[in-house]
Amino acid sequence: MCGIVGFIGKEEAAPILLDGLARLEYRGYDSAGVAVFDGKRLKVAKAKGRLQVLSDMIQAGAAIHGTLGIGHTRWATHGAPSDVNSHPQVSRSGRIAVVHNGIIENYAELKAFLQEQGVPFTSDTDTEVVAQLIEYFYETDQVGILEAVGRCLRRIEGAYALGIICADAPDEIIAVRKDSPLILG
(Lines give C-alpha, C1' and ligand atoms only; values in the text may rest on other atoms or scores of the structure.)
Protein backbone atom coordinates (compact mmCIF):
# COMPACT_ATOMS: atom_id res chain seq x y z
CA MET A 1 0.00 0.00 0.00
CA CYS A 2 1.05 3.58 -0.38
CA GLY A 3 -0.28 6.98 0.49
CA ILE A 4 -0.67 10.42 -1.04
CA VAL A 5 -0.78 13.72 0.82
CA GLY A 6 -1.17 17.18 -0.68
CA PHE A 7 -1.22 20.63 0.88
CA ILE A 8 -1.92 24.14 -0.29
CA GLY A 9 -2.24 27.01 2.17
CA LYS A 10 -0.34 29.75 3.97
CA GLU A 11 1.95 27.56 6.08
CA GLU A 12 5.13 25.80 5.01
CA ALA A 13 4.04 22.67 3.12
CA ALA A 14 6.96 20.26 3.73
CA PRO A 15 6.45 19.76 7.50
CA ILE A 16 2.71 19.26 6.94
CA LEU A 17 3.38 16.75 4.16
CA LEU A 18 5.80 14.82 6.38
CA ASP A 19 3.23 14.76 9.19
CA GLY A 20 0.54 13.50 6.83
CA LEU A 21 2.84 10.80 5.49
CA ALA A 22 3.75 9.76 9.04
CA ARG A 23 0.06 9.19 9.72
CA LEU A 24 -0.01 6.81 6.75
CA GLU A 25 3.02 4.75 7.82
CA TYR A 26 0.84 1.90 9.06
CA ARG A 27 0.01 1.11 5.42
CA GLY A 28 3.52 -0.12 4.60
CA TYR A 29 5.91 1.38 2.02
CA ASP A 30 9.47 1.17 0.71
CA SER A 31 10.24 4.83 -0.05
CA ALA A 32 8.93 8.34 0.44
CA GLY A 33 9.16 11.73 -1.22
CA VAL A 34 7.80 15.26 -1.48
CA ALA A 35 7.59 17.95 -4.16
CA VAL A 36 7.11 21.55 -3.04
CA PHE A 37 6.76 24.70 -5.15
CA ASP A 38 9.22 27.25 -3.74
CA GLY A 39 7.89 30.27 -5.64
CA LYS A 40 10.07 29.65 -8.70
CA ARG A 41 10.29 25.91 -9.29
CA LEU A 42 9.45 22.51 -7.86
CA LYS A 43 11.84 21.19 -5.25
CA VAL A 44 11.79 17.40 -5.03
CA ALA A 45 13.26 15.23 -2.30
CA LYS A 46 12.82 11.48 -2.15
CA ALA A 47 14.51 8.54 -0.53
CA LYS A 48 14.38 4.77 -0.38
CA GLY A 49 13.57 3.44 3.07
CA ARG A 50 11.67 4.75 6.03
CA LEU A 51 10.07 8.18 6.16
CA GLN A 52 12.66 9.19 8.74
CA VAL A 53 15.36 9.01 6.03
CA LEU A 54 13.47 11.62 3.99
CA SER A 55 12.69 13.72 7.07
CA ASP A 56 16.37 13.79 8.06
CA MET A 57 17.36 14.66 4.47
CA ILE A 58 15.11 17.74 4.43
CA GLN A 59 15.59 18.65 8.11
CA ALA A 60 11.99 17.79 9.09
CA GLY A 61 10.82 19.97 6.18
CA ALA A 62 12.85 23.06 7.09
CA ALA A 63 15.14 22.65 4.05
CA ILE A 64 12.32 22.98 1.50
CA HIS A 65 10.25 26.16 1.50
CA GLY A 66 6.87 26.72 -0.11
CA THR A 67 3.17 26.57 0.65
CA LEU A 68 2.10 24.08 -2.06
CA GLY A 69 3.21 20.48 -2.25
CA ILE A 70 2.51 16.79 -2.61
CA GLY A 71 3.98 13.82 -0.80
CA HIS A 72 3.96 10.07 -1.22
CA THR A 73 4.90 6.82 0.42
CA ARG A 74 5.46 4.14 -2.23
CA TRP A 75 5.16 0.39 -2.34
CA ALA A 76 7.01 -0.70 -5.48
CA THR A 77 5.01 -2.13 -8.36
CA HIS A 78 7.00 -0.92 -11.40
CA GLY A 79 10.70 -0.55 -10.74
CA ALA A 80 12.62 -1.74 -7.71
CA PRO A 81 12.67 0.31 -4.51
CA SER A 82 15.24 3.09 -5.06
CA ASP A 83 15.66 6.83 -4.73
CA VAL A 84 15.12 7.23 -8.49
CA ASN A 85 11.92 5.15 -8.56
CA SER A 86 10.49 6.86 -5.47
CA HIS A 87 7.64 9.31 -5.95
CA PRO A 88 7.04 12.12 -6.77
CA GLN A 89 8.01 11.56 -10.38
CA VAL A 90 8.63 14.67 -12.44
CA SER A 91 8.39 15.56 -16.10
CA ARG A 92 11.58 16.14 -18.05
CA SER A 93 11.38 19.93 -17.59
CA GLY A 94 10.81 19.54 -13.85
CA ARG A 95 7.65 21.66 -14.05
CA ILE A 96 5.16 18.85 -13.37
CA ALA A 97 5.25 16.44 -10.42
CA VAL A 98 3.00 13.43 -9.93
CA VAL A 99 2.31 11.07 -7.04
CA HIS A 100 0.31 7.94 -7.77
CA ASN A 101 -1.39 5.05 -6.06
CA GLY A 102 -2.48 2.19 -8.28
CA ILE A 103 -1.25 0.84 -11.57
CA ILE A 104 -1.19 2.13 -15.13
CA GLU A 105 -1.78 -1.02 -17.15
CA ASN A 106 -0.77 0.42 -20.54
CA TYR A 107 2.31 2.28 -19.30
CA ALA A 108 4.70 0.31 -21.56
CA GLU A 109 2.92 1.32 -24.78
CA LEU A 110 2.63 4.95 -23.60
CA LYS A 111 6.31 4.99 -22.65
CA ALA A 112 7.25 3.64 -26.09
CA PHE A 113 5.13 6.35 -27.74
CA LEU A 114 6.81 9.07 -25.67
CA GLN A 115 10.28 7.68 -26.33
CA GLU A 116 9.50 7.80 -30.08
CA GLN A 117 8.79 11.53 -29.52
CA GLY A 118 12.24 11.93 -27.94
CA VAL A 119 11.12 12.00 -24.31
CA PRO A 120 13.85 10.59 -22.01
CA PHE A 121 13.01 8.58 -18.90
CA THR A 122 14.97 8.32 -15.67
CA SER A 123 12.90 5.79 -13.69
CA ASP A 124 11.28 2.41 -14.26
CA THR A 125 7.90 3.56 -12.94
CA ASP A 126 4.50 3.81 -14.55
CA THR A 127 4.12 7.09 -12.64
CA GLU A 128 6.88 8.81 -14.61
CA VAL A 129 4.95 7.90 -17.75
CA VAL A 130 2.00 9.88 -16.37
CA ALA A 131 4.19 12.92 -15.61
CA GLN A 132 5.83 12.81 -19.04
CA LEU A 133 2.51 12.29 -20.86
CA ILE A 134 0.93 15.26 -19.09
CA GLU A 135 3.88 17.44 -20.07
CA TYR A 136 3.75 16.11 -23.64
CA PHE A 137 0.16 17.33 -24.02
CA TYR A 138 0.90 20.53 -22.07
CA GLU A 139 3.73 21.50 -24.41
CA THR A 140 2.75 19.91 -27.74
CA ASP A 141 -0.91 20.88 -27.68
CA GLN A 142 -0.22 24.16 -25.83
CA VAL A 143 -3.13 23.68 -23.45
CA GLY A 144 -3.52 24.49 -19.76
CA ILE A 145 -2.43 22.02 -17.13
CA LEU A 146 -5.98 20.89 -16.36
CA GLU A 147 -6.67 20.12 -20.03
CA ALA A 148 -3.30 18.35 -20.34
CA VAL A 149 -4.23 16.15 -17.38
CA GLY A 150 -7.60 15.42 -19.00
CA ARG A 151 -5.93 14.38 -22.24
CA CYS A 152 -3.57 12.13 -20.30
CA LEU A 153 -6.44 10.50 -18.42
CA ARG A 154 -8.17 9.66 -21.68
CA ARG A 155 -5.06 7.68 -22.71
CA ILE A 156 -4.16 5.80 -19.54
CA GLU A 157 -5.76 2.52 -18.49
CA GLY A 158 -5.85 1.09 -15.00
CA ALA A 159 -6.81 1.98 -11.46
CA TYR A 160 -5.26 5.08 -9.96
CA ALA A 161 -5.36 8.00 -7.61
CA LEU A 162 -3.13 10.87 -8.72
CA GLY A 163 -1.88 14.05 -7.09
CA ILE A 164 -0.41 16.52 -9.60
CA ILE A 165 1.24 19.92 -9.26
CA CYS A 166 2.69 22.21 -11.93
CA ALA A 167 5.14 25.06 -11.37
CA ASP A 168 3.14 27.13 -13.86
CA ALA A 169 -0.01 26.78 -11.70
CA PRO A 170 1.35 27.51 -8.22
CA ASP A 171 -2.07 27.77 -6.57
CA GLU A 172 -3.49 24.43 -7.74
CA ILE A 173 -3.28 20.78 -6.82
CA ILE A 174 -5.00 18.46 -9.26
CA ALA A 175 -6.35 15.26 -7.72
CA VAL A 176 -8.04 12.55 -9.77
CA ARG A 177 -9.01 8.96 -9.27
CA LYS A 178 -10.34 5.94 -11.09
CA ASP A 179 -11.20 2.79 -9.14
CA SER A 180 -8.91 3.84 -6.25
CA PRO A 181 -9.86 5.77 -3.13
CA LEU A 182 -9.13 9.47 -2.84
CA ILE A 183 -10.22 11.74 0.00
CA LEU A 184 -10.13 15.54 -0.13
CA GLY A 185 -10.41 17.65 3.00
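In the predicted model, a search of the whole structure identified one cavity of 30 Å³ or more. The largest cavity holds about 40 Å³ of space. Its lining is formed by Arg 92, Val 119, Gln 132, Glu 135, Tyr 136 and Glu 139. By class, the lining of the largest cavity comprises three charged, two nonpolar and one polar residues.

The largest pocket contains about 630 Å³ of space. A total of 22 residues line the largest pocket, and those nearest its centre are Ile 4, Val 5, Gly 6, Leu 182 and Ile 183. Two or more lining residues are contributed by each of strand 1 (3–8), helix 1 (13–23) and strand 7 (158–166). Strand 1 supplies the largest share of the lining, with six residues. The lining of the largest pocket is made up of 15 nonpolar, six polar and one charged residues.

The packing of helix 4 against helix 5 was also examined. The axes of helix 4 (residues 126–140) and helix 5 (residues 145–153) come within 8 Å and cross at roughly 120°. Helix 4 and helix 5 are therefore oblique to each other, and their crossing is right-handed. On the helix 4 side, the contact involves Val 130, Leu 133, Ile 134, Phe 137 and Tyr 138; these meet Ile 145, Ala 148, Val 149, Arg 151 and Cys 152 of helix 5. The contact of helix 4 with helix 5 consists of nine nonpolar residues and one charged residue, with no polar residues.

Notes: Residues are numbered from 1 along each chain as its sequence is written. This is a predicted model: local features need pLDDT of at least 70, side-chain atom pairs count only at pLDDT 80 or more; totals for chains, interfaces and linings use all residues. Side-chain values use heavy atoms; hydrogens and water are left out. Axes are lines fitted to C-alpha atoms, for helices over the stretch in contact, and angles run from 0 to 180 degrees between N-to-C directions. Helices (H or I, at least four residues) and strands (E, at least two) are DSSP runs, numbered from the N terminus. Angles under 35 degrees count as roughly parallel, over 145 as roughly antiparallel, 65 to 115 as roughly perpendicular and the rest as oblique. A crossing is left-handed if the near helix is turned anticlockwise from the far one by less than a right angle, and right-handed if clockwise. Contact means heavy atoms within 4.5 Å. Ala, Val, Leu, Ile, Met, Phe, Trp, Tyr, Cys and Pro count as nonpolar, Asp, Glu, Lys and Arg as charged, and the others, Gly among them, as polar. On a 1 Å grid over the protein atoms alone, a cavity is a set of points where a 1.4 Å probe fits but cannot get out, and a pocket is an open set with protein on both sides within 12 Å along at least five of seven lines; lining residues have an atom within 4 Å of a point. Grid points are joined across faces, edges and corners, and a volume is the space filled by probe spheres set on the points.
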